[in-house]
Amino acid sequence: MRYLLTFVLLFSIVLSNAQDVSLALQKEPPMTAAQKNARWQTLKGGTQVSFLNSNKRYPQDRVPDAVVKNVATLTAWKGERVHTQLGIWSAKEIALTATVGALKMKGAEIPGENIQIGMMGYVMTDEFRNGCGHRNPADFDSSLVADAIDFEKNSGTVKPNQVQPLWVSIDVPATAPAGSYEGTVTVKADKEYRLKLIVKVLDKVLPPASDWTFRLDLWQHPAAVARVHKVPLWSDAHFELMRKYYTMLAKAGQKYITASIVNEPWGHQTYDDYPSLIKWTKKKDGSWSFDYSLFDKYVDFVMSTGINQRINCYSMVPWKVAFQYFDEGLGRDTVFTGKIGSDEYNAFWTPMLKDFTQHLKSKGWFEKTTIAMDERPMDAMKAVIQLLKGIDKDWKIALAGEYHAEIEKDIDDYCIASAHQFPADVLTARAQRGQLSTWYTCCTEKYPNGFTFSPPAEHVWIGWYTAAKNMEGYLRWAYNSWVADPVNDSRFRTWPAGDTYQVYPGPVTSIRFEKMIEGVQDFEKIRILKKQYKESGNAVKLKRLEAALTAFEIKNLERQSAADMVSKVKPLIN
């Protein structure tokens with residue numbers, strides 16, 4: 001997911017001064033090694049355990065600037081996933097174990113299996129600088145940041161003069177009676193610490209993720225799973241491993257299947273290959289055949305994990321116009337490179353589209369399938385629209401890119417870049433036509449974003465911004481397009497660190513991913529409350545909520561952090 005290079009350069013220059021202001025809001029104040037060491041030496045008792053702010057990443061090598069707290073109180077709807085962070089920091093090496101049990105109130109409980117606690121891992125990150133473009137690690141300021149959350153690991157060793165954060169997540173049952181639930185987080189370190197955890201459950205119900213209206217689209221990368229787990233691509237072992245990742249994504253509200261119908265739809269910008277799910281063959285007599293067996297197996301598999309509302313097929317306009325197929329006459333793979341919209345291009349694609357249309361209809365998938373394009377120029381889009389509609393007028397088309405009024409009505413699923421906005425009347429008309437209107441960020445925007453150095457609350461902010469702009473969802477490249485060593489180093493040769501993945505091999509979640517879920521849940525709460533206020537005639541509460549949403553403008557992140565903005569409005573939905 002990348003802008004055209006010319007737009008990237010211009011946009012980066014325009015934003016550079018404003019982004020420096022936002023950066024100052026987010027960075028820890030500078031501190032020398034001597035200053036850090038002095039603070040560790042004066043640490044009272046040598047070891048501290050405390051609940052911490054879940055919207056912050058705490059540097060590994062400095063005493064947290066936080067008031068020690070042994071009580072955390074969270075507010076949740078029934079059916080909601082909520083979380084908190086706690087930290088252990090010590091001037092000496094200590095062994096650590098953390099456990100948490102059921103949360104109880106009279107006559108009811110949130111069972112222990114609904115509560116997870118896990119060690120957080122530090123990964124190497126860099127900085128935004130100019131965003132997109134090739135980068136040499138030596139040219140960028142790099143540091144360690146807390147990001148991964150391993151719920152399979154609740155014990156370990158805290159090194160001297162280091163911080164070890166932990167993450168606690170609570171899945172409140174949809175059937176839990178409203179009330180205040182209490183429990184204990186037990187931390188065994190230099191001694192035993194007992195911290196009180198309280199969850200106040202409101203008498204409001206959040207529906208399950210499968211019923212959320214938010215259109216979350218994190219692009220999946222199957223080959224990356226095969227590589228990190230060292231199993232053959234498309235083997236039974238590969239599909240078995242992918243199930244855990246896709247199930248976790250479905251529980252976050254994912255609605256889209258990323259399906260490649262040609263090799264390398266993004267011109268091999270990624271670390272791993274991105275092979276086609278469809279085998280193209282040009283026969284000796286000049287006719288074509290298409291093998292959909294892998295496509296069908298993959299789509300069926302992803303749907304079985306709960307991701308089943310849309311199949312986005314990439315792409316008729318890839319980043320490098322080079323379509324690979326097997327030529328029986330030549331006895332080898334070859335490549336078609338005809339210009340988009342030319343007679344040769346149309347002749348190349350027409351047999352496939354006709355055959356693909358019939359195949360999708362036979363599977364019952366045609367209505368939920370799109371031919372999807374990523375940041376493609378408008379002349380290419382016009383040519384593809386004309387060709388597709390000539391094959392079947394009911395073909396759906398998806399585009400992630402700049403806003404073009406000239407083709408807007410033809411794009412069934414239009415995802416615009418954050419620098420653009422849909423006109424209000426266009427949004428209304430699109431909703432009336434049953435068309436989807438969403439937005440995305442990529443390597444171009446410093447904020448809001450999901451890099452490993454991004455403030456975690458920006459992912460929550462994204463949910464509020466989506467609601468404020470009356471859009472239906474958010475897209476990001478990518479869910480799991482991992483770099484060479486994603487667990488230890490999130491930097492990549494082309495884009496800001498963490499740009500290509502939101503979760504870690506395992507699967508292991510992250511602060512970014514958990515905060516994204518929080519933002520999606522907030523979007524759903526806003527939707528539910530607005531509907532209730534309108535139906536009940538509660539104009540006062542409706543007006544208050546709508547007024548709060550007006551503050552969610554991207555330019556406001558220049559002078560106010562996402563955490564501050566979100567914390568001020570949270571009481572309106574809790």
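A residue is called buried when its relative accessible area is under 20%, exposed when over 50%, and partly exposed in between, using a 1.4 Å probe and protein chains only; by that rule Cys-415, with a relative accessible area of 3%, is buried. This is a predicted model, in which local features need pLDDT of at least 70 and side-chain atom pairs count only at pLDDT 80 or more, whereas totals for chains, interfaces and linings use all residues. Residues are numbered from 1 along each chain as its sequence is written, and side-chain values use heavy atoms, with hydrogens and water left out. The briefing covers the cysteines and then a selection of salt bridges.

**Cysteines**

- The structure holds one disulfide, a term that here stands for a pair of cysteine sulfur atoms within 2.5 Å, and this disulfide joins Cys-132 to Cys-443 with an S to S distance of 1.9 Å.
- The two partners are 311 residues apart, with Cys-132 in the loop between strand 7 (115-125) and strand 8 (143-150) and Cys-443 in the loop between strand 23 (436-441) and helix 9 (457-468); helices (H or I, at least four residues) and strands (E, at least two) are DSSP runs numbered from the N terminus.
- Because the torsion about the S-S bond of Cys-132 and Cys-443 is about 95°, the disulfide is right-handed.
- Cys-132 is buried at a relative accessible area of 17%, and Cys-443 is buried at 0%.
- Cys-415 is in no disulfide, and its nearest cysteine sulfur, that of Cys-442, is 10 Å away.
- Cys-442 is likewise in no disulfide, the nearest cysteine sulfur being that of Cys-443 at 4.5 Å, and Cys-442 counts as buried at 1% relative accessibility.

**Salt bridges**

- The count comes to 29 salt bridges, where a salt bridge requires a side-chain nitrogen of Lys or Arg within 4 Å of a carboxyl oxygen of Asp or Glu.
- One of them pairs Arg-81 with Asp-171 at 2.9 Å, N to O; Arg-81 lies in strand 3 (residues 81-90) and Asp-171 in strand 10 (residues 162-171), so the bridge ties together parts that are 90 residues apart in sequence.
- Within that pair, Arg-81 is buried at 16%, whereas Asp-171 is partly exposed at 27%.

- Asp-522 and Lys-570 meet in a salt bridge through their side chains (2.6 Å, N to O), with Asp-522 in helix 10 (residues 511-536) and Lys-570 in the segment after helix 12 (562-569).
- Asp-522 counts as buried at 0% relative accessibility, and Lys-570 is buried at 16%.
- Salt bridges that share partners join Lys-515, Glu-518, Asp-522 and Lys-570 into one network.
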